[in-house]
Amino acid sequence: MRARRADAEGFVEHLGVKIHYEVHGSGGPTILLLPTWTIVHKRFWKLQVPYLARHFRVVTYDGPGNGQSDRPVTSEAYDQSAQVAYALAVLDATATDRAVVVGLSRAANWALELAAEHPSRVHGTVVVGAAVPLAPRDPVRAAHMSLTGPAPAIEPSGVPALGADPGEHWAKYNREYWLERYEDFLWFFFGQCFSEAHSTKAIEDAVGWGLETSGAVLVAESAAAGPKRATVEEWCARVASPLLAIHGDDDHVIPLRCGERIAELSGGELVVLEGAGHIPMARDPVRVNLLIREFAERFRPPAPARRTWTRWDRRRKRVLYLCSPIGLGHARRDLAIARELRERHPDARIDWLTQHPVTRMLDDAGEHVHPASRWLANESAHIESEAGEHDLHCFQALRRMDEILVANFMVFRDVVTEERYDLVIGDEAWDVDHFLHENPELKRFGYAWLTDFVGYLPMPDGGEREALVAADYNAEMIGHIARFPRLRDRAVFVGDPDDIVADRFGRDLPLIREWTEAHYDFAGYVTGFDPEEYADRAALRAELGYRPGERVCVVTVGGSGVGADLLRCVVDAFPEASRLVAGLRMIVVTGPRIDPASLPARPGLEIRPYVPDLHRHLAACDLAVVQGGLTTCMELTATGRPFIYVPLRHHFEQNFHVAHRLRRHEAGRRLDFADLTPDSLADAIATEMGREVRYRPVTTGGAARAAALLADLL
C-alpha cells in the first residue's frame, strides 16, 4: 500500500528514451523531486511525497534505467545533457513553468545546471548529499572506482563484517563486479549509504529497488559524460536563486566537503545533519521533510493571516487522543479511559486523531474526531493488503508500513504545531512514539503512551534474518527510551506484569518482562465495561432478543478485513454444526470492513454487518468463535464465556503475546487454521457449546486506573 497515489502520471520521451513521471497535489509552488543514480527509482522519495503533496504540488519521475522508465544500455542516455533534458521535458509535460528543484547525490549536478543555465524554470534548489566533483573522495575508494577487474574480496552477505576494512569492500565498486555479483554489490553499497544504526529496512528497500535494474545498466551509466570540477564551480557561482545544501557528517559515500563547497560558491545555506549518512530522507525523513517545506514556503505568496493568543486563565484543557485503527479493541478501551478522564477533568476537551473504522465508533459515541483525520493514510487497508489466507505476518506488515507511518506522523506534527494541546495520548500510535523519539525537539506537550504488548518477536519460520531484524527494532526502541527517558511522561501497560511474556528482546538484549516492569506503570486490563453488569445473562439475552432454549454462537473477527477466511470456514461448518447442536443459532458479525454479501448464504445462518454493542452479545452467547485478537478474547474471559480462538498465522502478537495472556487466565480453546475443516470445526463447536468454564478472573477498574495515571499530566 502506498500512502498516496498519484493524481496524474504519464511519459515523456527524449532521444528515444521514455521517462515515467507522476504528479501529486495541486498547491503551489511545484516541487520537482529529481531521480538520482539509476540504481534506484522514484520510490526513494516515498517518505517525502505524501507530506509535501499536502502543502505543494509535487512532481517526481524515474530516471533512465529503472522504475517505469526505459533501460537503455548506451551511455549517451545517461549523459549530463540528457539528464537535464529529461527534467525539462517533465516540467513541460506537467505544465510546470517553474519549480523548487530537489536533488539527491548525483542529481545535484543536474539541479545545479538547471539553476544556472535555466534560471527561469527554477525557484530555488535543494541538494542533499551532493555527489559533485568539488572535493576529493576517500582515496581508498577512489582507487577502487577505477578498477575494471574483479574485486579480490567477496562476502556472501554483501555487508562488511564489523571492524572490516571498508576500503577492501569498495573494491566491489567496478564494472565487472556489477555484471558478475550485482546483488552482492547492492548489499554492500547500500550498507555504505545507510551508515546509521538500525537501517535494516532502508537497506532492504534500496536493494529491492536496485534489483529492478541490472549491472549492465550501471555499466552503461558509468561511461556517461559528467561535468568537470570547473564547470560545477561555474554553475555554483552563477546560481542567482536561493540554494540549500543538506549533508550528513557521517556520509560514507560523498564527503561533507562537497556540500560545504556548494554553499560557499553559491552563497547558499548549509544544513549539516550530525550522525546522518548519505540518504537522510530515508533515515531522518521528518527533518528532511520540514527542511524542504520551510525552503519551498519562501516561494509561496503570503496569505492574509489572523492570529489569536489566549491568556493562561482562559485556556481550556485540551487532549489529543491517538487511537490505533488496526482493530476496534483500542477504540473501546480508549473510550472507557476518556470517560474516566473526564470524570477527573470535566472541563477537558478531547479531540481524536484516528481513522476508519474507529471513527465510526467515535461518531456513535458522540466524540469529536479532529478534521485532520481525513488526511491520515489508512493503516487498516494496508494491513488487509498484507494478509493471505488467515495469514498476516504482522511484524513484516508493520515494517512495510513505514511510508504510511511517516505520512501520518507528519499529519500529527502539523496538528500539534498549529494547535495547542496539553496532553497527547497515543494508544499504540507507533508512528508518533517512534518519530517523537527521533525528533524530541518537536515535543511541546505532555505525552502518554499506552500498549498491551511490548517486544517484537520473530516467527519460528522466519529464520535467522527475521530474528536479527526483530531484535534490531527492539534495540532501537530500547535505545530511544534510554536516551530520552522523560519523553514519555507516562508509559502505561494495559494489563498486569504477569501478562508480559518471559522472552528476551533478542540475543544480548534484556528480558522483556524485567525491562517493561522498570519502564511502565500498570493499569490492569481495560475491558471498557463492568462484567458484573452482565451477571444476569437471562435478562441480557431477553433484552437482546434471544429466545429461551436457543444455543447462541457468535462469530466475529474484529474491525479489520483480515478475518474473512475464518468467517468462510465457519459458514461452511454451519450445516454440520447445526445438525450436532440442537437449537443452534449462529450469528456471524462481519465488522465494518467486510461486506456481508461476500460470504456465502446458508439457510438459518445470520450474517450481520457492524454491531455497535458487540461485547453485550458476546456476554450473552453460549459460545464464540473468534480470531486471536486480545480485546475480544479478554472480553469473553472477563464475562466467563466459552470460546474458540484461531490466531492468524504469522501474527506474532496473537501467537505469542495474546496466547500467553490467555494461558495465564486458563481461557479459551485454541485451534490452528491449517487444521480446520468444516467437520472438525463443527465438532469443536458442539464440544465447547455452553461448556462450564472457570477462568482466572480479570481484574476490573482498569480504565479508572489508566485515567488516574493520565490525569496528573493535565
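**Cysteines and a helix pair**

Guide: In this predicted model, cysteine 258 has a relative accessibility of 2% and therefore counts as buried.

Visitor: Which cysteine sulfur is closest to that of cysteine 258?

Guide: A disulfide requires two cysteine sulfur atoms within 2.5 Å. The closest cysteine sulfur to that of cysteine 258 is 10 Å away, which is too far for a bond. That sulfur belongs to cysteine 236.

Visitor: Is cysteine 633 buried or exposed?

Guide: Cysteine 633 is in no disulfide, as the nearest cysteine sulfur, in cysteine 621, lies 12 Å away. Buried means under 20% relative accessible area. Because its relative accessible area is 0%, cysteine 633 is buried.

Visitor: How many disulfides does the count come to?

Guide: The rule asks for a pair of cysteine sulfur atoms within 2.5 Å. Under this rule, the number of disulfides is 0.

Visitor: At roughly what angle do the axes of helix α13 and helix α18 cross, and why is α13 called oblique to α18?

Guide: Helix α13 spans residues 285-296 and helix α18 spans residues 402-418, and their axes come within 11 Å. The crossing angle is roughly 60 degrees. Angles from 65 to 115 degrees would count as roughly perpendicular and those under 35 as roughly parallel. The angle therefore makes α13 oblique to α18.

Visitor: How many nonpolar residues does the contact of α13 with α18 have?

Guide: From α13 the contact includes Val286 and Leu290, and from α18 it includes Phe409 and Met410. By class, the contact has 1 polar and 3 charged residues, and its nonpolar residues number 6.

Terms used. Residues are numbered from 1 along each chain as its sequence is written. This is a predicted model: local features need pLDDT of at least 70, side-chain atom pairs count only at pLDDT 80 or more; totals for chains, interfaces and linings use all residues. Side-chain values use heavy atoms; hydrogens and water are left out. Buried means under 20% relative accessible area, exposed over 50%, partly exposed in between (1.4 Å probe, protein chains only). Axes are lines fitted to C-alpha atoms, for helices over the stretch in contact, and angles run from 0 to 180 degrees between N-to-C directions. Helices (H or I, at least four residues) and strands (E, at least two) are DSSP runs, numbered from the N terminus. Angles under 35 degrees count as roughly parallel, over 145 as roughly antiparallel, 65 to 115 as roughly perpendicular and the rest as oblique. Contact means heavy atoms within 4.5 Å. Ala, Val, Leu, Ile, Met, Phe, Trp, Tyr, Cys and Pro count as nonpolar, Asp, Glu, Lys and Arg as charged, and the others, Gly among them, as polar.
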